[in-house]
Amino acid sequence: GTSSDALGAGLSGNIPNTAPIMYPHQMTQFGNDLIVCGNFLQAGGQTVNGIARWDGAKWHPLGAGFNSTVYSVGVYKGELYAGGDFTKSGATTLQRIARWAGAAWVDAGLSFPNGSNPNSYIFVHTLREIGGKLFIAGGLKKVSFGSGTTLACNGIVAFDGQQVDVLKYGISNSYDVEAIVSFGKAILIGAGVINA
């Protein structure tokens with residue numbers, strides 16, 4: 001309330017093959033713990049690969065972490081989700097989104113495969129629970145879910161744990177959606193032209 005305190009030894013390094021900058025991208029509370037994600041390699045001196053848990057006294061890894069940057073963390077129906085541009089957690093193959101199963105990161109019930117343009121940067125930037133659904137936004141072109149259903153999504157989708165709503169196919173092939181907020185009876189989004 002009157003000064004700032006360090007959280008142990010803090011965060012350091014960066015995940016191999018990510019940008020040579022290190023910072024947390026997002027934080028959320030999960031139970032009594034603080035969950036922090038980004039492209040940092042270590043928390044409190046131990047390897048965490050982009051996501052870590054602070055219990056009020058020390059840092060802990062969450063499973064194997066990820067093989068690339070984690071841009072977002074969010075809680076939906078009491079479960080922890082992570083999103084980014086990662087494709088693996090340890091030996092588990094994922095496509096930019098994962099659910100924490102208590103000891104490891106697992107398939108979240110949906111995924112974001114590469115788009116038709118091999119130069120597209122596919123990533124989950126924001127996870128937010130609104131009106132009983134998990135809204136997922138970022139540089140998204142396609143979403144896969146269920147038993148092999150794949151739809152165009154263009155930057156944003158809503159997920160109820162089983163089914164996906166592509167919100168009239170998003171906003172445009174030219175935009176990434178990075179911010180979402182519930183505002184009165186509406187949902188506002190913030191987006192920008194790719195690479196601008």
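Lys77 is exposed, with a relative accessible area of 54% (exposed means over 50%, buried under 20% and partly exposed in between, using a 1.4 Å probe and protein chains only). This is a predicted model, in which local features need pLDDT of at least 70, side-chain atom pairs count only at pLDDT 80 or more, and totals for chains, interfaces and linings use all residues. Residues are numbered from 1 along each chain as its sequence is written, and side-chain values use heavy atoms, with hydrogens and water left out.

**Backbone: positive phi**

- Most residues other than glycine have a negative phi.
- Lys77 is not a glycine, yet its phi is positive, at about 50°.
- Lys77 sits in the loop between strand 8 and strand 9 (79-84). Strands here are DSSP runs of E with at least two residues, numbered from the N terminus.
- Arg96 also is not a glycine and has a positive phi, of about 75°.
- The loop between strand 11 (92-93) and strand 12 (97-100) holds Arg96.
- Arg96 is buried, at 8% relative accessibility.

**Aromatic pairs**

- Seven aromatic pairs turn up in a search of the whole structure. Rings of Phe, Tyr and Trp (its six-membered ring) pair if their centres lie within 6.5 Å; planes under 30 degrees apart count as stacked, over 60 as edge-to-face and the rest as tilted.
- One of the pairs joins Phe66 and Trp105: the ring centres are 5.1 Å apart and the planes stand at 50°, so the pair is tilted.
- Phe66 lies in the loop between strand 7 (59-61) and strand 8 (70-76), and Trp105 in strand 13 (residues 105-106), so this pair ties together parts that are 39 residues apart in sequence.
- Phe66 is buried, with a relative accessible area of 3%.
- Trp105 is buried too, at 2% relative accessibility.
- The rings of Trp100 and Trp105 have centres 5.1 Å apart and planes at 55°, so they form a tilted pair.
- Trp100 is buried, at 13% relative accessible area.
- Phe66, Phe86, Trp100 and Trp105 are linked into a cluster by ring pairs.

**Nonpolar surface patch**

- Ile171, Tyr175, Ile187 and Ile189 form a nonpolar patch on the surface. Together they have about 310 Å² of accessible area, from the Shrake-Rupley method with a 1.4 Å probe, where only the protein chains shown count as cover for residues.
- Patch residues have over 30% relative accessible area and no salt bridge, and nonpolar side chains (Val, Leu, Ile, Met, Phe, Trp, Tyr) are joined within 5 Å, like charges within 9 Å. A salt bridge is a side-chain nitrogen of Lys or Arg within 4 Å of a carboxyl oxygen of Asp or Glu.
- Ile187 belongs to strand 22 (residues 186-193).
- Ile187 is partly exposed, with a relative accessible area of 38%.

How values were computed: Helices (H or I, at least four residues) and strands (E, at least two) are DSSP runs, numbered from the N terminus.
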